[in-house]
Amino acid sequence: MRAPSFFFLSLLLLLLLIHISIHCNAADSQLGSEKVTNLLFYLHDTLSGKDPTAVPVARAENAVPKPDNPVPFSTIYVVDDLLTEGPQRESKVVGNAQGMYISTAKKGLTLVLGIDFELTDGPYKGSSFVVYSRNPVMQGNGRELAIVGGRGLFRMARGFALLQTVYLDNVNGDAIIEYNVTLLHH
């Protein structure tokens with residue numbers, strides 16, 4: 001029996017590549033072309049006062065908030081934080097962040113976030129993206145979080161958010177965080 005010729009194998013490979021290309025182009029035409037969007041906003045996470053935006057819903061028996069550790073290991077918080085244009089609380093509200101975070105470090109402050117960031121104003125109103133990532137708060141500015149999905153105009157989003165702490169009260173845990181977001185989406 002004769003081995004298949006180089007021409008035959010090349011032709012078969014070409015047909016396979018054409019088939020794959022047609023299916024990829026069909027998927028792209030249904031979703032539209034991929035876009036890059038950059039966003040900058042400020043998240044206000046308030047644990048203190050009469051109207052907190054982050055509330056503890058579970059924690060280990062021995063995990064008690066202290067002045068130097070307001071978010072102790074094992075604590076789970078549910079959040080409904082405001083997103084604003086500027087770092088001041090009075091800045092224009094552009095969205096909200098709803099979800100939860102968990103304090104996961106026995107020493108220091110590291111959180112795992114599962115939060116949906118919805119924009120409620122501007123050209124992306126009604127669209128959101130999802131962060132599910134580890135946030136090593138004590139590593140300072142430039143922390144990078146993963147963006148794993150989205151909806152609306154951010155359908156099939158992926159990307160990253162670079163965080164800078166604008167304000168952190170180590171006694172009560174209140175914080176204002178700058179989010180510089182880069183999204184790839186359809």
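A nonpolar core is a set of buried Ala, Val, Leu, Ile, Met, Phe, Trp, Tyr and Cys residues joined through side-chain atoms within 4.5 Å; buried means under 20% relative accessible area, exposed over 50%, and partly exposed in between (1.4 Å probe, protein chains only).

I noted that this is a predicted model, in which local features need pLDDT of at least 70, side-chain atom pairs count only at pLDDT 80 or more, and totals for chains, interfaces and linings use all residues. Residues are numbered from 1 along each chain as its sequence is written, and side-chain values use heavy atoms, with hydrogens and water left out.

Entry on the fold. I found one helix and nine strands in the chain, where helices (H or I, at least four residues) and strands (E, at least two) are DSSP runs numbered from the N terminus. I read their order from the N terminus as α-β-β-β-β-β-β-β-β-β. Of the 186 residues, 35% count as buried.

Entry on the core. I looked up the largest nonpolar core and found 32 residues; Phe 41, Tyr 101, Phe 117, Phe 129, Tyr 179 and Val 181 touch the most other members. Elements giving two or more residues to this core include β1 (35-45) and β9 (175-185). I then listed contacts (heavy atoms within 4.5 Å) of Val 181: leaving out residues up to four places away in sequence, Val 181 touches Phe 41, Phe 129, Ile 147 and Phe 160, among others.

Entry on Val 57. I located Val 57 in strand β2 (residues 54-58). I recorded Val 57 as exposed, with a relative accessible area of 52%.
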